[in-house]
Structures are given as C-alpha cells and as structure tokens.
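Please look at the sequence and the structure below. The text that follows leads through them part by part.

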Amino acid sequence: MSNVILEKISRNFGQFVAVNNVDLRVNEGEFVTLLGPSGCGKTTTLRMVAGLEQNTAGRISIGNEVVSDAARGLFVPSERRRLGMVFQSYAIWPHMTVFDNVAYPLRVRRRPAVEIKDLVLRALRLVEMEGFADRPAPALSGGQQQRVAIARAIVFEPKVLLLDEPLSNLDAKLRLQMGDEFRSIQKRLGMTSLYVTHDQSEAMALSDRVVVMDRGAIQQIGAPEDIYRYPANRTVAAFFGTPNLLEATVESCTRIDDLRVRLEVAGPGWRGPCEAANEVPPGQTVTVMVRPEDARIAAAGSKAGAGELTWSGRIAHTIFRGPIRSIVVQTDDGPLNVDAPAFGDYAIGDNVTVTVSQRTAWAVAETARSG
Ligand SMILES: Nc1ncnc2c1ncn2[C@@H]1O[C@H](COP(=O)(O)OP(=O)(O)O)[C@@H](O)[C@H]1O
Ligand SMILES: [Mg+2]
C-alpha cells in the first residue's frame, strides 16, 4: 500500500476554478473522505488522483512516485497508477458472471489462469461472495453487485483505492450495512482509501479523517470527532448535523490551554461561557454553535450551573422522532432546537430554561462569505 500526496493542486475549466489549491496527504492504510455539497470539487479531485483528469496546477504523488506535476508537464496515465476504483454506478458487466467480472482487471494485465483463479476467489471471499462466482451479474441484489465491484477493485492489489459515492445508489439500510462492511474490509487489508461522499454521517462513520470541501477549497481536515465538535468555521459547523448557530458578542476571553480559550458571550436574552480555538477580543461578534443533543431543558426558573449558557423560553412545538423528541423553544433570540427524551415531562406552551455546558458550546469567527 502507498500514501497519496496532493500538493497545491488546482483544476480550472476555462475561467472556472473547480478545485483550488488543495493540499492533502493520505497516509498508508488510512481512510480519508472528501466531504462537501454537490459541485464542491470532490469528484474532480478524485479524478485527478486517478489520472482521469489532469490538474492544471500542483503536484500529485502516489507511493512517493510523482504521477502528475503541472509545472513540469509530467503526467502518468491512469492505467499505470495501479489504482482500484469504485464508482456510484456499480459498473459491473451484466453479460458476465461474477467470476469474470472480478477476473477482468487480471486478464487485462495478462496474468496466468491459475493465478487469476486464486486471486479472484480470494477477493470474493473477502467480500463474502465466494458462493456467487458462477452467477450472472444481473442475478444479484444492489448490495451484492457493489460487493462485486469492490472485489474487482481490490483483486489486483492496487496501491490505493478510490471510491466515488459507491453507496449512494443503495437504500438507506443497505447503505449503512455496506459502509460498515467496507470499512472492516478496508481495515483488515490496510488499504489506503480516498473516498468521496456528500453524506456527512457516512463520512463520519467510515473515515480516519474527513476533508470538508466547499467551492473547490478545503475548509477543514480532521478526525470526524474533532470536525464535529470543533468546526473551524461556520460553513463546516452548518454542514454537520443541524446545530443552532447563534450570533453573540464576546465579553471576555481567557486561555484554557494550547488548544482552546474560554469566552464569556452574550446574545439577545442569553449569556454564558463557551469555548473557541483562538483568542477573540471583547466586543467582537462570533457565531456560537450549540448542538441540539447538548442542550437540556428544565422547568422555568431552574438555576443554571456556573459553567453553562442559559436561555429562557417557551416550548413552541415538538416533533417525535422515535429515540428522541425535537423540541423548538422560542426564546428572545428566536427558535432554539433542543433534543429531549422522547417521553419526557414537558408540553407545548411550557415555560422552560435551556442550558448548555461551556464545553459543548463552540464559537467560530464570523465568516462573512458571499454567495
Ligand atoms: N468537464 C467539466 N467541464 C466544466 N466544468 C466541470 C467539468 N467537470 C466538473 N465541472 C464543474 O466543476 C465543479 C465541481 O464538480 P465535481 O468535482 O463533479 O463536484 P462534486 O463531485 O463535489 O459534486 C462543478 O461546478 C462542475 O460543474
Ligand atoms: Mg461528485
């Protein structure tokens, strides 16, 4: 297996910059996901690594071999990059059996028949499809077809696996199951994987690290937990889950440790402490991210703890979601979304206090971005 290094790569289509100055290093055996809204440049980035698209600037290396360098006009074609690829449409060939589908990359590479048989059966075993070798491809379910596509991608032991929304054609339940399965195959084989999805929960569940992209540029790179909890800016915060994003004014700022500061902030009718990555001078406006699952409601007038942000409000409506109930509390600063136990002791019209601990309220600088 190999690493993949992207150094300041860009891709222009005429005047349009689809990918802008992307720097990324995928370590050996690592599972890295490009995540972002449709049109943000994920597929273009992956296609440049694959050699299906040429970067207009920057340099790409796979396994410490430079495969594309715009400045030097160097470009190694796709078929010489030893990559396994899996795309959204399963693209397994309907006129072939499962065995022949998986054998195809080896036949193209003119491997001997005995070796082909061994490698194909091994790949099919890895995806738990060895019993299906002689089936015609159309006689498989969507999930089985996708497993065959994965087997075909890994059969020639590629240096790196590239996957572009491989699960998005599957229904929700199968998507979850296939994602978990694929992750365990990937871990077992230690395959360096670069994965593309627009689905944040898929990205969080599968990845060692997530790369959040927006409009062709990287917004943040980090472990799923860190990106979820400590988003670098408002764009990233808004992309994960459905957080409350509240404008507030900083009243004071003290450093906690190398990574975090404590801010006292105030918004319309609410105030309290939160945390942030960088020092913010008093008087400045920040966006405070409060996740619904971190907010608690109690009867009005309940005393808030010292380290807590506090709002007063009234329950405007509730939505039953099974494991939880989404509650909308109308406050002086507008609606606040709170996740509460599904069968808790509250009712529409109740006056309540909402509290959030300092540790779970995260402030990011206002990013005044147009568009
Ligand atoms: N061959 C092309 N010619 C012109 N524009 C393109 C081409 N390929 C992609 N784009 C544009 O580049 C942007 C990024 O596309 P893409 O990488 O497919 O996004 P994503 O995979 O994140 O949805 C989009 O605005 C898309 O329309
Ligand atoms: Mg795409």
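Strand 8 (residues 160-164) runs parallel to strand 9, and five bridges join the two. Helices and strands here are DSSP runs numbered from the N terminus, a helix being H or I over at least four residues and a strand being E over at least two. Two strands count as paired if DSSP finds at least two bridges between them. One of the bridges between these strands links Val160 to its partner Thr192 in strand 9. Strand 9 also pairs with strand 3 (residues 31-35), again in the parallel sense and over five bridges. There, Val32 has Leu194 of strand 9 as its bridge partner.

The model is predicted: local features need pLDDT of at least 70, side-chain atom pairs count only at pLDDT 80 or more, and totals for chains, interfaces and linings use all residues. Residues are numbered from 1 along each chain as its sequence is written, chains are lettered from A and ligands numbered from 1 in the order in which they are written, and side-chain values use heavy atoms, with hydrogens and water left out.

Strand 8 and strand 9 also belong to a right-handed β-α-β unit, together with helix 5 (residues 172-189). Right-handed means that, with the strands pointing away from the viewer, the path from the first strand over the helix to the second runs clockwise. How many residues of strand 9 (residues 192-197) are buried? Six of its six residues are, and the strand is mostly covered. Buried stands for under 20% relative accessible area, exposed for over 50%, and partly exposed for what lies in between (1.4 Å probe, protein chains only). The cover is found on both faces of strand 9: Thr192, Leu194 and Val196 are buried on one side, and Ser193, Tyr195 and Thr197 are buried on the other.

The residues around ligand 1 are Phe13, Phe16, Ala18, Pro37, Ser38, Gly39, Cys40, Gly41, Lys42, Thr43 and Thr44. A residue is counted as near a molecule or strand if one of its heavy atoms lies within 4 Å of it. By class, this shell holds five nonpolar residues, five polar residues and one charged residue. For this division, Ala, Val, Leu, Ile, Met, Phe, Trp, Tyr, Cys and Pro are nonpolar, Asp, Glu, Lys and Arg are charged, and the others, Gly among them, are polar. Helix 1 gives the largest share of the shell, three residues.

Several polar contacts reach ligand 1. A polar contact is a pair of N or O atoms within 3.5 Å; within protein, one must be able to donate a hydrogen and the other to accept it, and residues adjacent in sequence count only if both atoms are side-chain atoms. A backbone N or O atom of Gly39 lies 2.6 Å from an oxygen atom of ligand 1, and a polar backbone atom of Cys40 is 3.2 Å from an oxygen atom of the ligand. From Thr44, a polar side-chain atom lies 2.5 Å from an oxygen atom of ligand 1. Taken alone, ligand 1 exposes 560 Å², of which the protein buries 59%. Accessible areas come from the Shrake-Rupley method with a 1.4 Å probe, and for residues only the protein chains shown count as cover. Two elements give two or more residues to the shell, strand 2 (16-26) and helix 1 (42-50).

Strand 2 is also part of a sheet. An open sheet of five strands has the order 2-1-4-5-6, with antiparallel pairing. Its edge strands are strand 2 and strand 6 (74-75), each of which pairs on one side only. Strand 6 pairs with strand 5 (residues 65-69) in the antiparallel sense over two bridges, and Leu74 in strand 6 is the bridge partner of Asp69.

A few single residues remain. Asn64, in the loop between strand 4 (57-62) and strand 5, has a positive phi of about 65° although it is not a glycine. Asn64 counts as exposed because its relative accessibility is 62%. Gln220 lies in strand 11 (residues 217-222) and is buried, with a relative accessible area of 13%. A polar atom of the Gln220 side chain lies 3.1 Å from the backbone oxygen of Tyr230, and the Gln220 side chain reaches the backbone nitrogen of Ala232 at 2.7 Å.
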